[in-house]
Amino acid sequence: MSFLEGRVAIVTGGGRGVGRTYALKLAEHGAKVVVNDLGGDAAGGGSDDLTPAQEVVNEIKAMGGEAVVNGGDVSSWDNAREMVAQAVETFGRLDILINNAGILRDRMLVNMTEEEWDIVVKVHLKGTFAPTHHAANYWRTESKAGRQPDARVINTTSHSALFANIGQANYAAAKGGIASFSQVAARELQRIGVTVNAIAPRAETRMTAGLREWTPEQLERRDPEWIAGFVAWLASAEASHVSGRVFEVWGYGITVAESWQHGPSCEASKDPSVLGERVSKILKFARGNAGINPGEWLDP
Ligand SMILES: NC(=O)c1ccc[n+]([C@@H]2O[C@H](COP(=O)([O-])OP(=O)(O)OC[C@H]3O[C@@H](n4cnc5c(N)ncnc54)[C@H](O)[C@@H]3O)[C@@H](O)[C@H]2O)c1
């Protein structure tokens, strides 16, 4: 029996990049897949080119699998509901939701337009919440009917959020929001048999193309297949004990990102004049933010 036999998955943004690889990997291991993709360019412009998603569906069918195209916009409430309904109507159930669709509009925040902020936050943050909301409602109904799901939500965050990339305030805010959302969702959905995790992938796709020159070895480690292998495992019954986690994933390894922790603290005061000394002291003992070079902050 295949690893994901009998399971039904939605992969958003599954027409290209890492999403495409997830859809193919899940199908290769027996899942039936709804391949969602709006089409369009890497900045979210245009929306009528469904060819990439159709090509992925064709590839899955050619290897004897089952898949359908969904051309909805993940950040549309109605489209997200229809996408979940399509999975259930076409394949009879839904087990796996991979929220992967995304766009970039990089700019230093002083130059960033309202539109560049809004669209990036909408596609990533609402585009994760809306499908999760509708899928969770389906799973809650199943659970209430006595058919307890063993379901998965796999969200997509980014190093940009975890390690504060300059020039990506909109994207990092949205991706950081997705990491926090995943933790809350994991706690809320646990009782209905749904695990929720987030991954920060690193791969060579059109989104990252041209960022740097890679050696052939580096390029191999940035092959989306490395991430797809982990995603297929996380989607399987074997990973039912893993929830509320954020993983960094690429060909160099799988790393658990450890979240915010309580650090050193001092006595509070309603009088601001006594706080300078106290706060400077706890900052001396606090660990730096992960991934930020020492001295980059203005702490004493
Ligand atoms: N490639 C990396 O190294 C990297 C690093 C960190 C995070 N990510 C994240 O991984 C995910 C996939 O990125 P990628 O590199 O494969 O990019 P990509 O541009 O190759 O693929 C993204 C896909 O999402 C689709 N899409 C965009 N907006 C959509 C919408 N509103 N509704 C439906 N589909 C939509 C696009 O058409 C595209 O096919 C994104 O969330 C991205 O932010 C990627």
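A polar contact is a pair of N or O atoms within 3.5 Å, and this cut-off is what the first close-up of this predicted model relies on.

**View 1. The shell of residues around the ligand.** The shell comprises 29 residues, and those that come nearest to the ligand are Asp37, Asn100, Tyr171, Thr205 and Arg206. Two or more residues of this shell are given by each of helix 1 (17-28), helix 4 (114-144) and helix 6 (169-189). Sorted by residue class, the shell around the ligand holds 10 nonpolar, 13 polar and 6 charged residues.

**View 2. Ser158 and its surroundings.** Ser158 sits in the loop that runs between strand 5 (151-156) and helix 5 (159-162). Its relative accessible area is 9%, which is under the 20% limit, and Ser158 is therefore classed as buried. When residues up to four places away in sequence are left aside, Ser158 touches Tyr171, Lys175 and Ala200; of these, Tyr171 is also listed among the residues that come nearest to the ligand. A polar atom of the Ser158 side chain lies 3.0 Å from the backbone nitrogen of Ser160. Val74 stands 84 residues from Ser158 in sequence, and their C-alpha atoms are 18 Å apart in space.

View 3. The secondary structure of the chain amounts to 9 helices and 8 strands, and its C-alpha atoms fill a box of roughly 70 × 50 × 40 Å along the principal axes. A compact globule of 300 residues would have a radius of gyration near 19 Å, and the chain, with 21 Å, agrees with that expectation. Of the 300 residues, 43% count as buried, while the accessible surface of the chain comes to about 15,700 Å², with 52% of it belonging to carbon and sulfur atoms. Among the contacts in the chain with a separation of 6 or more, 69% are accounted for by residues 24 or more positions apart.

Note on methods:
Residues are numbered from 1 along each chain as its sequence is written. This is a predicted model: local features need pLDDT of at least 70, side-chain atom pairs count only at pLDDT 80 or more; totals for chains, interfaces and linings use all residues. Side-chain values use heavy atoms; hydrogens and water are left out. A residue is near a molecule or strand if one of its heavy atoms lies within 4 Å of it. Helices (H or I, at least four residues) and strands (E, at least two) are DSSP runs, numbered from the N terminus. Ala, Val, Leu, Ile, Met, Phe, Trp, Tyr, Cys and Pro count as nonpolar, Asp, Glu, Lys and Arg as charged, and the others, Gly among them, as polar. Buried means under 20% relative accessible area, exposed over 50%, partly exposed in between (1.4 Å probe, protein chains only). Contact means heavy atoms within 4.5 Å. A polar contact is a pair of N or O atoms within 3.5 Å; within protein, one must be able to donate a hydrogen and the other to accept it, and residues adjacent in sequence count only if both atoms are side-chain atoms. The radius of gyration is taken over C-alpha atoms; the globule rule is 2.2 Å times the number of residues to the power 0.38. Accessible areas come from the Shrake-Rupley method with a 1.4 Å probe; for residues, only the protein chains shown count as cover.
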